[in-house]
Structures are given as C-alpha cells and as structure tokens.
Amino acid sequence: MKRIYVNEEYCIACRLCEVHCLVQHSQSKKIIKAYKEEAPQLMPRLVFEEEGPLSFAMPCRHCADAPCLDACITGAMHRDEETEAVLCDEDRCVGCWMCVMACPFGAIQRNLKGTKAASKCDLCYGEEIPACVAHCPNEALVFEEREQ
Amino acid sequence: MSLSLLPPEFKIVRDDARCIACQVCVRQCANDVHAYDPEDDWVYSDYSRCVGCHRCVTLCPTNAITCVQNPLDFRANANWTHAMITGLHKQAETGGILLSGMGCDQPQRIYFDHLLLNASQVTNPSIDPLREPMELRTHIGRKPDRVEISCKDGKVKLDTKLAPQLELATPIMFSAMSYGSISYNACVSLARAAKQAGIVYNTGEGGLHPTLYEYGPWTIAQVASGRFGVHPEYLDVAAALEIKIGQGAKPGIGGHLPGEKVSADVSRTRMIPEGTDALSPAPHHDIYSIEDLRQLIYALKEATDYEKPVGVKVAAVHNIAPIASGIARAGADYIAIDGLRGGTGAAPTVIRNNVGIPIELAISAVDQRLRQEGIRNQVSLIAAGSIRNSGDVVKIIALGADAVYIGTGALVALGCHLCQKCYTGKCNWGIATQDPYLTKRLNPNIGSRRLANLVRAWSLEIKEMLGGMGVNAIESLRGNRDHLRGVGLNEVELRSLGIKAAGEA
C-alpha cells in the first residue's frame, strides 16, 4: 500500500504538515475558518519531532502488523478493507489509550480537546494525496509504495 | 551604546484577519523578524531586521504577510539619495567597508534593453523549430585554422588533429559558484541539472566535493588565486579547467569566505583548516604577465595530458580587448568574460557598483578585436554578467559570444529572491549558507528540476527566435550583428557594439 514517508534531510521544520492536517480534518476545510473558529476542538493528526537541525513529521505508519489493532479493546481501531489503512472509529473509541501505549512510533495522540478519542492519521481518507504530503513545501514528505 | 540612525529597509504588513498564528513565519526567518507571544496567542514582527527575502511571505499558508519597502521618505534630493544617506549612516556606525551580495543594482545602462532582434518577412523564409531541425549544440574550445581531410577508398578521413572540445547541448552554462559560498545542496542541484540538460556547471574555487565526482563530465573545475581544493584528482575528473583571474562584481580584488562558512565539510573540500577565513588573493601570485598566464595554462594542460580545454575567466574592464587577445595567444581554449553586473557572494558595494564595463560592450569589443587579428577561431568566448533571459542569450551571441554563463539567473531559479545578503551566511532559501538549519531548505531534487526546466525553457525560446530570423543553427548567429539593431544609443555606442540603429537598412 502507499504510505507517507519522510525524507528528514529535507524537512525544514516549517510544520505546514500540521497546519494542513488540521485543516483537512476540520468541518469547513477552510484554513482561516478552521483556525479561527474550529481550532479549539482540533489537533493535527501527526506528531512532529524536532531536535537541533533534525526534524520530521511522524504520521501513523499504518503497520502491516499493527500493535494498536491488537491493543484496542472496543474494535474502534480497525484496518480499512479497501485502502489497508489503519483507522480509528472515533464513535467506538472509549479513550482507554491502549493504542497510544502500544504504538511503537508514538504516532497516536490523545485528543482531549474535542472528540476525547484517539487521534491518528487516516491518510486523509478519500483524498488521492494526504494533505501533509500535498502541502509539504520541500517534498520532505512523500506518498508512495515501498517494499516493506 | 548609541542610537543607530538606520531606518528599517522593509516593512512587514500582517493581515490580522488572515493570520492564524501557525508560526510558520517564526520558524522560517533566520533573521528573527517574527516572534510568537503565547500570552496573546499572536505573532509580532520586528521588521527592523527584515532583509526582504520573502521567505515568510512565500511560506505563509494564508497569504497573511506582505513585505514592502519601508515607505520612509527622506527629503527629496536627487543627489543625496536614500541609499547614499543610509550608506553614510552605516559607515559612520561601523567604520567598515560596505558589503553587498549579488550583482550591481544601480541603473547603469543595460544595453540588452536597447538591442532589438530581427525576423524574416517575405524575402527570406522563417523556420518553424517544431517542424524542422534546429541546432543549439555548441562546442567550447580552440577551432583549427583549417581542416585537412583525405579520401581513401571512398572514405573521408579528418587529418587535422582537433583540440579538445567541451560539448554543450545548448549554449548555456552555470557559472562559477563555490562550495562554501553556496550550500552543498545548491552545488548538487547545479551538478545534477547540468547533467540532465547536457551542459556544464562550474565549481568556483571551492574545490569539488567527492560525492560530486560522478558529475565530472559536466563539471568545469576552477583554479583560482587561492588554489583551494586543487589536487590531481580534481583536475582529472573535470571536463574542462578554468583559471579564474577576475570576477565581474569585483574586478581587481580577491575573495574572502568568512571562517563561519568554513564548516568541516567545506574545510575538507577546500583543503584548509576548519573555521579559518578562506582568502583568495587579488592577483595570482605567480601570474604577473601574459607569459606567466601561459605557463599556468600549459601547466594545467600538461597535468591533464592535453585532453581537456583550459579556459581563463576575466572581468570586463576598460582594455578587455587587448587583454583577451593576450589570453588567446597565451593558449587558452576559451575566455569567459564577466561583465559589470555579474554576481557575487560578497563584494565591497562601491566596487560592485562602479568597477568594470557592461558585458554587451566587452563581448562585442573582444569579438571584433579577435576577428581583426584573425585569431577568433583560436578561442571560444563565454559571456557572463547578468544574462537575464533567453533574449539576452541570443543578443550576446549575435554580439560575438559562443555561449553564456548564468549564475544569478540560476540562483533565482533555485529560489533566490535577490535580497543581496549572501555575505551574512543567513540565506533563508538555503542557497548562500552553511547553516544546517538552512541548507536543508534547498532540496536538490526540486532544485535540479527547476534548473533543468529553466535551461529547457530558454532553449525552446532560443530556437523560436532563431527560427524567426531564418537561422537553423546557433553557429550561424554568432557575431552576426546584422540581426541586431540599437534603439536609443548614440553613435559611439553603436560603433562599439558594431551594430546599426533601428530603422537603418
């Protein structure tokens, strides 16, 4: 399956990936409205790591053998049959955070502001290219098929 | 500390209705113009440090930022201009030489803008480059005085031994920009683009990073007065060698790469201690005459088995024609001439703006002089010094150049916004810097693609212009001044350029 990969040597730490992730997962999908009106309920669905000049975005790896799937007690975390992406059904998530504990990449976050559910990358479900990749100004994020 | 009298050069105008406080501008400005105040959840801009590079403007996801010239007006004075006054204030505060990056930005006459090209109408047919072949291939190097061939058993054989040539797919080359003055990623972008476009780039006097040896066939290795990074392998891997005598932005003075830019990698490549200033002397200390130059040319030819062209780069100065004649007679295979508006990473502003002559006049003078002396075939001429578009390329070739060097144009393609602050090492576009936070902003995959696109686009335009003139090879345009006419030029200028005025048949 196509996954998001990061070429960290070209990540410029602008964090536009976070900005556009948040907008993509807003109601309006309009950047100014999302930030000025919806933002208190929203958070970017990827984790951004930075130390010194090294930086990179860390969205969910959508592991073939995803520990979060086994850890989930309600079945909220599931694999989408069509895209093979690991998705979280926020209606079924009870916020036990076992997925957060189990994720080896630390790519799942708790959304305590809005849904109170696990917040993770859904590869911008329905979009051809995830928003973070489409808006990465330096092509540090790429969306491609690679041999595992 | 006394009060600085310098007003901010630029003003950041932030549209509060559009700013989402995402802080991209804060993270991207190496000059610390923008700052986020968590208490107010707001981004403020101290634009006194803004250099007008437009990094924040370009990356702002809501287009909330504009950068304008600070509208502060001094009392109108045609003599004591804004730039004069602030220059005096700066020198009064620092006691130092004013520095600038990039080429001359003063309104000296740009002759390109006073030249017009010809096209075919009725009496001679124009050529459609989309339907008919159009040759842009250019060979840089010494051409023989005559060619001898012999026929044996119906086969034609070339008896004359040809001098080594540098083959270019199109008459455009990337001019000398050293690793140190520009970032590794900028060098990689140039090298890859040169390979892709079938042209060459030039190492400047920064040596050649070992990872770039693979681009050797598309590399001109420069030997300059500091001799930085020159060793047998450096000479061997390159396609051609260039002795740098001078640079258009600063004729007559040397180079100075500040120690801060001499990182571990730059130090290894240049073969100098880390963190030390890399000083290129003004003259080569072994070249004080044409005879001395000849010795170095032949030393380099000898070192490389006479297998590659050896050129000489000089700045366009008043008596450039006899100088070029001397260089040709000293055995150079090509002469690169860098005009008044040629770029630089750092030069004293007063020198950049006042020393040298425009490339249009220099190339024309040299071409005419070499033709008069009957030695034009012995060298190729490369024109440098602000070739801004494909029209400039066509015009300068019609004035006698074989090919052009583009430096500033290439950097602009890489993202440079001509803020002229290369010498600070804080290039927000990741070009003229060695700061690891900044260099990664230039992704060579993007950079090489943009450069190759530029060369491709110009080549297409050159073909269109040639076709319009009814010429099907760039060779037929070289020195063909009949295709040029001048507008708004006086008789002396027209004579120097060797062209007629517009309207003259």
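1. Helices (H or I, at least four residues) and strands (E, at least two) are taken here as DSSP runs, numbered from the N terminus. On this basis chain B holds 15 helices and 23 strands, and chain A holds 5 helices and 8 strands. The model is a predicted one, in which local features need pLDDT of at least 70 and side-chain atom pairs count only at pLDDT 80 or more, while totals for chains, interfaces and linings use all residues. Residues are numbered from 1 along each chain as its sequence is written, and chains are lettered from A and ligands numbered from 1 in the order in which they are written.

2. Overall form of chain B. The radius of gyration is taken over C-alpha atoms, and the globule rule is 2.2 Å times the number of residues to the power 0.38. For the 505 residues of chain B, a compact globule would have a radius near 23 Å, and the value of 24 Å agrees with this. Along the principal axes, the C-alpha atoms of chain B fill a box of roughly 90 × 55 × 45 Å. A residue is buried if 20 or more other C-beta atoms lie within 10 Å of its own, exposed if 12 or fewer, and partly exposed in between, with C-beta atoms placed from the backbone. Of the 505 residues in chain B, 49% are buried. Two residues are in contact if their C-beta atoms, placed from the backbone, lie within 7 Å. Among the contacts in chain B with a separation of 6 or more, 69% join residues 24 or more positions apart.

3. Overall form of chain A. The elements of chain A run along the sequence as β-α-α-β-β-α-β-β-α-β-β-α-β. Its radius of gyration is 15 Å, close to the 15 Å given by the globule rule for 148 residues, so chain A is as compact as a globular protein of that length. The box filled by the C-alpha atoms of chain A is roughly 40 × 40 × 30 Å along the principal axes. Buried residues account for 41% of the 148 residues of chain A. Of the contacts in chain A with a separation of 6 or more, 62% are between residues 24 or more positions apart.

4. Contact between the chains. Chain B contributes 16 residues and chain A contributes 16 residues. On the side of chain B that touches chain A, the elements giving two or more residues are α1 (24-28), α13 (436-439) and α14. Of these, α1(B) gives the most, with 3 residues. Ala, Val, Leu, Ile, Met, Phe, Trp, Tyr, Cys and Pro count as nonpolar, Asp, Glu, Lys and Arg as charged, and the others, Gly among them, as polar. By these classes, that side of chain B has 8 nonpolar, 4 polar and 4 charged residues.

5. Helices α4 and α14 of chain B. Axes are lines fitted to C-alpha atoms, for helices over the stretch in contact, and angles run from 0 to 180 degrees between N-to-C directions. The axes of α4(B) (residues 184-197) and α14(B) (residues 444-469) come within 8 Å and cross at roughly 45°. Angles under 35 degrees count as roughly parallel, over 145 as roughly antiparallel, 65 to 115 as roughly perpendicular and the rest as oblique; α4(B) and α14(B) are therefore oblique to each other. The residues that meet include Leu190(B) in α4(B) and Leu451(B) in α14(B). This contact of α4(B) with α14(B) has 9 nonpolar, 5 polar and 2 charged residues.

6. Helices α11 and α14 of chain B. The axes of α11(B) (residues 390-398) and α14(B) come within 9 Å and cross at roughly 55°. Ser390(B), Val393(B) and Val394(B) of α11(B) make the contact with Trp458(B), Glu461(B), Ile462(B) and Met465(B) of α14(B). By class, the residues of this contact are 5 nonpolar, 1 polar and 1 charged. In α11(B), 8 of the 9 residues are buried, Asp392(B) and Lys395(B) among them. Gly400(B), which follows α11(B), has a positive phi near 125°.

7. Most residues other than glycine have a negative phi. Ala21(B) has a positive phi, near 55°, and lies in the loop between β1 (10-14) and α1 of chain B. Asp153(B) likewise has a positive phi, near 50°, in the loop between β8 (149-152) and β9 (155-158) of chain B. Ala21(B) is partly exposed, with 19 C-beta neighbours inside 10 Å, whereas Asp153(B) is exposed, with 4 other C-beta atoms within 10 Å.
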